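This report describes metal sites, a ligand shell and some strands. Please look at the sequence and the model first.

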Amino acid sequence: MENKSGLMRWLTTTNHKDIGLLYLVTSLYFLMVGGSLALTFRLQLAFPQADILSASAFNQAITMHGLIMVLWAISPFAFAFANYIVPIQIGARDMAFPRLNALSYWLYLFSGLLAALSFFLPGGAPDVGWTYYVPLSTPKFTPQPGVTVAALALAMLVASVTVGTINFIVTIATLRAPGMGWSKLPMFTWGILYTVLLMLFAFGPVAAGFFLLAIDRVFGTAFFTSPEGGAILWTHMFWFFGHPEVYIVLAPAIGVVGDVIETFTRKPLFGRKYILIAFGIASFISFIVYVHHMFATGINPIIREVMSITTESISVPFGVIMLSFIFSFYKARVRIKTPLLFAIGSIVLFIVGGITGVFNSSIALDRFIRGTYWVVAHFHYAMVGATLFGLLAAMYYWYPKITGKMYDEKLGKIHFAIAFIGFNLLYFPMFIIYEMPRRVNTYFVEEWIPMNQLATLGGYVFGFSFLIMVYNLLKSLKTGSPAGNNPWGAWTLEWMTTSPPPPHNFDFDPMISGNQITFYTNGGVPHKHVEYHTMMPMLLSVSLMLSFFGLMMYTPLFVIGAAMLAAVLTKWLIDDVYDRFVIPEPENTMKWPFDHMNRLKFGVWMLVISEAMLFAALFGAYSLLRINLIGEWPYGPAVHDVRLGGINTIILLTSSLTVVLAVAYAKMGDQRKLLYSLGATYILGLVFLGLKGYEWMKLYDEGFTLTSDLPSSLYYVMTGTHAAHMIAGMIALTYLIVKAFRGVYNEKNYDGVEAFGIYWHFVDIVWIFLFAIFYLM
Amino acid sequence: MAKEPINLYVGVWGLLVGLTILEIFMVLVEMPIILLITGVLLLAGVKAGFVALFYQHLKWDDVAISWFYLMALFFALFIVMVWTGGSAVCQVEI
Amino acid sequence: MTHGMVLQIPGEPAGTWYSLFNLYFSLGLLVGSVVVGMLLYFVWKYRESVSNESDDIKPGVVPGERSNIKLIMVFFGLTSIILFTLASYSILVTNYVEKVPKADDIFEVTVQGFQWGWRFIYPNGTEVVGEVVVPKDKIVVFRITSMDVFHKFQLIEFRTGADALPGAFNVIWIKPTQAGTYTIQCYELCGIGHSLMVATLRVV
Ligand code: HEM
Ligand SMILES: [Cu+2]
Ligand SMILES: [Cu+2]
């Protein structure tokens with residue numbers, strides 16, 4: 001475990017601060033790409049008759065702008081700070097799973113590159129809008145491979161997000177320094193916690209949606225081309241994710257603004273507890289409002305009316321949060337520095353974005369507003385105004401911590417002024433011409449031209465303001481005055497270590513007694529730092545990207561990618577079998593209410609929850625299709641062999657029994673019985689898969705194939721997804737058996753078996769429902 | 001759990017197998033489809049509940065994890081209800 | 001073409017739409033200005049150079065709670081009341097917009113969106129692409145569907161619209177009171193011809 005330097009350090013690092021910096025640079029890069037696209041199509045809109053961009057190029061530009069900004073720029077920008085700051089704020093040495101943290105980053109980077117690659121494919125990048133509405137994005141209307149490649153890139157990004165989500169939840173929940181109860185967590189950490197909780201439940205369904213779309217595009221099924229599924233199914237699958245996603249984008253910024261206000265008003269945040277409660281309520285409600293993106297589809301009026309009301313009511317908690325932020329300035333000592341200016345900007349722009357959002361929540365108004373520039377203006381005030389300004393506050397706030405140097409305050413203020421003016425010049429005119437349709441590359445209404453030109457001008461001003469920031473931050477790296485540990489006089493833990501912090505964050509572990517932050521003196525011997533390096537996360541991501549790209553474009557590349565993937569996974573598992581990467585779990589940390597959770601078990605539980613959401617969306621698709629096809633859907637027992645399915649169910653249930661027995665024997669320290677139970681599980685799993693394969697073959701012979709009709713497509717997709725989960729489980733099981741042979745598991749150490757069991761039983765539960773809905777009814 | 005409740009695990013297994021056989025039996029006796037669907041889904045829910053409670057150790061583990069699970073269950077039910085309820089495009093009444 | 005906030009109402013439901021919009025707009029403007037004004041005022045009034053307040057943030061000390069449950073309840077109450085007002089009026093207008101008014105004599109046109117244009121089918125079976133002629137002072141109903149992808153049928157000046165979905169029908173109504181020519185346009189991205197997917201509504 002030697003220390004690495006130069007390029008190797010960055011390719012192999014698992015340190016959360018290094019990874020934070022990687023996220024920072026990468027997200028700023030994607031921000032620049034997305035921004036350049038926007039500046040290009042703004043030119044087209046300023047001169048609608050000039051043909052600067054063809055209709056096709058324009059549609060590609062807006063689609064990639066939206067995808068890149070929402071998924072590869074702004075959220076990862078927040079996670080740059082999350083990675084760097086959160087572990088320090090809670091007094092941890094690193095994330096719970098440093099290696100998976102690196103994996104998150106590399107999956108993110110290469111998924112972004114894969115998406116960007118689609119520009120260079122025949123037919124170009126996707127041109128269907130970031131919302132990927134079907135049937136437009138099905139192959140009949142957009143046969144170009146770019147649409148599929150970007151969808152696969154999205155799948156890769158979902159993997160990155162899921163891994164990151166699990167990591168942050170486990171970290172924040174179980175690695176808090178002794179004494180750091182929930183009520184003492186800084187606002188930024190809370191913001192990230194809400195973000196990842198939203199991610200945990202939101203990303204499964206959209207993964208399912210893009211999965212079905214990819215199957216439609218690659219194998220020719222008809223989930224999204226048939227009128228029974230089609231547009232409505234897609235809008236449900238997309239927006240169930242889409243709405244929480246906008247809060248996922250926003251929540252970190254709210255956290256930053258909270259911390260910045262506290263530091264620069266020199267007063268505790270007003271109504272902190274209520275802000276957090278309101279934040280929690282809003283996060284929950286954000287899952288039950290999404291139909292407000294579908295008001296004009298004309299689906300069931302009761303559902304639309306209910307979601308209209310939930311949408312209106314989500315403004316109440318946000319009102320409480322914003323008013324509390326504002327009252328934090330009341331009777332305070334306001335120190336007007338650049339981070340605070342950006343935080344104030346964020347609040348002001350959020351108020352505009354939030355109020356205009358309320359207009360959209362009225363069905364009567366939205367029947368017209370949907371699809372207009374009003375919506376564009378609204379969500380840019382929320383996403384760019386509230387969120388990006390909040391994150392820029394973070395940039396200036398933590399810059400001295402990350403670099404050890406102070407930025408130039410005057411340039412910072414100038415940046416704020418120009419950015420704020422440019423922003424409003426850019427987006428406010430869109431409210432004035434709110435009746436203009438969005439996503440058009442040309443228009444013939446003369447009156448719209450001046451406002452569009454003003455907006456374009458604003459766009460360039462706004463873009464220019466970033467050059468000031470980049471200049472300021474780069475220059476200050478060299479010439480900035482030393483920042484010291486705590487230039488702002490803030491109270492949170494990241495300010496109680498050096499700037500930049502040492503690799504292990506604190507020489508002596510922090511703790512909180514009462515309200516005082518202190519440090520374990522440990523007899524004066526500082527904490528010894530161990531560096532962990534591995535290239536596997538990077539290689540794994542590269543091989544995944546290669547195989548996805550090859551799948552669409554060039555089969556040999558797919559073979560190479562897949563072979564690499566297998567090799568990397570094997571190496572990763574072998575490293576683990578030989579305990580080459582063991583990070584001891586810290587003791588005494590605050591874990592309530594997860595006192596019985598160890599790192600691994602908790603992580604697997606969170607994985608199970610996100611998988612549950614993925615299957616929830618598949619079950620949702622099943623029920624939607626089944627209702628729409630009522631009368632045509634075949635009676636289960638008429639197609640499937642109930643007895644064979646029943647036997648298979650019992651086999652799987654039995655394998656659950658053997659797993660739970662394995663856990664019990666591990667706990668009892670009975671190595672022999674442990675091995676027998678694991679072996680029995682393995683055999684039962686194989687038998688299940690074998691019978692399943694036999695059933696599939698028989699059905700194929702009977703003409704019941706993947707593409708024959710919707711019920712059959714869904715049967716293969718859902719049972720196939722289940723089988724894939726079983727195969728993943730069998731791979732993990734192989735690893736467990738090898739470890740059990742080496743006698744690793746005993747009364748003290750049975751985490752691996754227990755965690756595997758949780759996953760295996762979940763797969764079992766999924767099957768219980770699949771059996772019911774396909775075989776029995 | 002000082003002593004491992006192995007008998008309990010085996011008992012739960014017996015119950016799960018029994019319920020599965022009951023499900024198949026319900027299909028074989030050819031009852032009205034509505035009854036069959038409700039019955040089968042209910043039984044599947046009970047089976048899943050037993051697996052979660054005893055095999056996934058929710059009964060003994062931190063309650064907070066059960067809350068996560070319940071939340072996912074809530075969203076799953078929400079999805080199924082909204083997606084089916086919203087599936088048919090309803091026309092404005094004329 | 002009506003533009004911006006200039007009212008030039010060609011008929012229903014535009015009139016009602018504007019009354020709802022204006023309510024949202026005035027309340028929104030009022031609330032927004034008060035709140036932003038308050039924020040800026042506090043920032044200015046309590047700026048460090050003039051503030052007499054103490055500095056309560058100490059490095060390494062978790063700050064205590066600063067709140068006032070009464071004030072929080074006021075925040076909660078005020079926002080709830082405002083949103084309740086808006087929501088109630090919105091529900092009334094929504095019911096009005098989504099339900100075709102009773103009338104003896106309804107003029108019904110079927111609308112088919114396709115890449116990239118609009119086809120109108122009159123009650124007598126005549127099909128026309130690109131222009132639809134409807135009578136003044138009568139309820140006109142559009143039954144909207146799509147022949148290929150997702151479109152949105154929008155009657156810009158009438159402030160109403162609905163998605164055009166393949167395999168489904170959506171219904172909207174208008175009651176024109178001003179003769180003239182109005183614009184119909186697609187408001188959902190539907191491919192490279194989307195910007196040009198325009199048609200004319202002629203009220204005679
Ligand atoms: C109280 C606050 C908010 C309310 C009531 C609200 C309401 C709405 C509604 C009803 C729509 C659908 C409009 C339509 O397509 O016809 C919408 C669209 C949107 N909102 Fe908000 N919103 C709020 C805050 C936010 C925030 C904080 C963000 C992001 C950080 C955001 C981002 C978006 C986006 C991205 C869209 C459009 C997506 C698309 O069609 O491409 N909103 N909002
Ligand atoms: Cu939304
Ligand atoms: Cu269109």
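A polar contact is a pair of N or O atoms within 3.5 Å; within protein, one atom must be able to donate a hydrogen and the other to accept it, and residues adjacent in sequence count only if both atoms are side-chain atoms. The model is predicted: local features need pLDDT of at least 70, side-chain atom pairs count only at pLDDT 80 or more, and totals for chains, interfaces and linings use all residues. Residues are numbered from 1 along each chain as its sequence is written, chains are lettered from A and ligands numbered from 1 in the order in which they are written, and side-chain values use heavy atoms, with hydrogens and water left out.

**Ligand 1**

| Residue | Distance from a polar side-chain atom to an oxygen atom of ligand 1 |
|---|---|
| Asp366(A) | 2.5 Å |
| Arg370(A) | 2.5 Å |
| Arg438(A) | 2.9 Å |

Two or more residues of the shell come from each of H7, H9, helix H10 (338–360) and helix H12 (373–403) of chain A. Helices (H or I, at least four residues) and strands (E, at least two) are DSSP runs, numbered from the N terminus. H12(A) gives the most to this shell, with 6 residues. A residue is near a molecule or strand if one of its heavy atoms lies within 4 Å of it. There are 22 residues around ligand 1, and those that come nearest are Trp130(A), Asp366(A), Arg370(A), His378(A) and Arg438(A). By class, 10 residues of the shell are nonpolar, 9 polar and 3 charged. Here Ala, Val, Leu, Ile, Met, Phe, Trp, Tyr, Cys and Pro count as nonpolar, Asp, Glu, Lys and Arg as charged, and the others, Gly among them, as polar.

**Metal sites in chain A**

Which protein residue is the donor to the iron atom of ligand 1? The single protein donor is His378(A), through NE2, 2.1 Å away. His378(A) lies in helix H12 of chain A. Donors are N, O and S atoms within 2.8 Å of the metal (3.2 Å for Na, K and Ca); water is not among the atoms, so sites may look incomplete.

The copper ion (ligand 2) is 4.6 Å from the iron atom of ligand 1. Its donors are His243(A) (ND1), His292(A) (NE2) and His293(A) (NE2), at 1.9 to 2.1 Å. Along the sequence, the donor residues of this copper ion have the spacing H-x48-H-H. His243(A) and His293(A) link distant parts of the chain: His243(A) is in helix H7 (residues 230–265), and His293(A), 50 residues apart from it, is in the loop between helix H8 (272–285) and helix H9 (301–327) of chain A. His243(A) and His293(A) are both buried. Buried means under 20% relative accessible area, exposed over 50%, and partly exposed in between (1.4 Å probe, protein chains only).

**Copper site in chain C**

The copper ion (ligand 3) is coordinated at 2.1 to 2.5 Å by Cys186(C) (SG), Glu188(C) (O), Cys190(C) (SG) and His194(C) (ND1). Along the chain these donors follow the spacing C-x1-E-x1-C-x3-H. The site has angles of 89 to 130° among its 4 donor atoms and is tetrahedral. Four donors count as tetrahedral if all angles lie between 85 and 135 degrees. Glu188(C) and His194(C) are both buried.

**Strands in chain C**

Why is strand E7 (residues 151–155) of chain C largely enclosed by the rest of the structure? The reason is that 5 of the 5 residues of E7(C) are buried. His151(C), Phe153(C) and Leu155(C) cover one side, Lys152(C) and Gln154(C) the other, and all are buried.

Two strands pair if DSSP finds at least two bridges between them. E7(C) pairs in the antiparallel sense with strand E8 (residues 160–164) over 5 bridges, and Leu155(C) stands opposite Thr160(C) in E8(C). These strands, E7(C) and E8(C), form a hairpin with 4 residues between them, and Arg159(C) in the turn has a positive phi of about 55°. E7(C) also pairs with strand E10 (residues 180–186) of chain C, in the antiparallel sense over 3 bridges. In E10(C), Ile184(C) is the bridge partner of Leu155(C).

**Chain B**

Chain B has 3 helices and 0 strands. Of its 94 residues, 49% count as buried.

Key:
Tetrahedral: all angles 85-135°; square planar, octahedral: opposite > 155°, others 65-115°.
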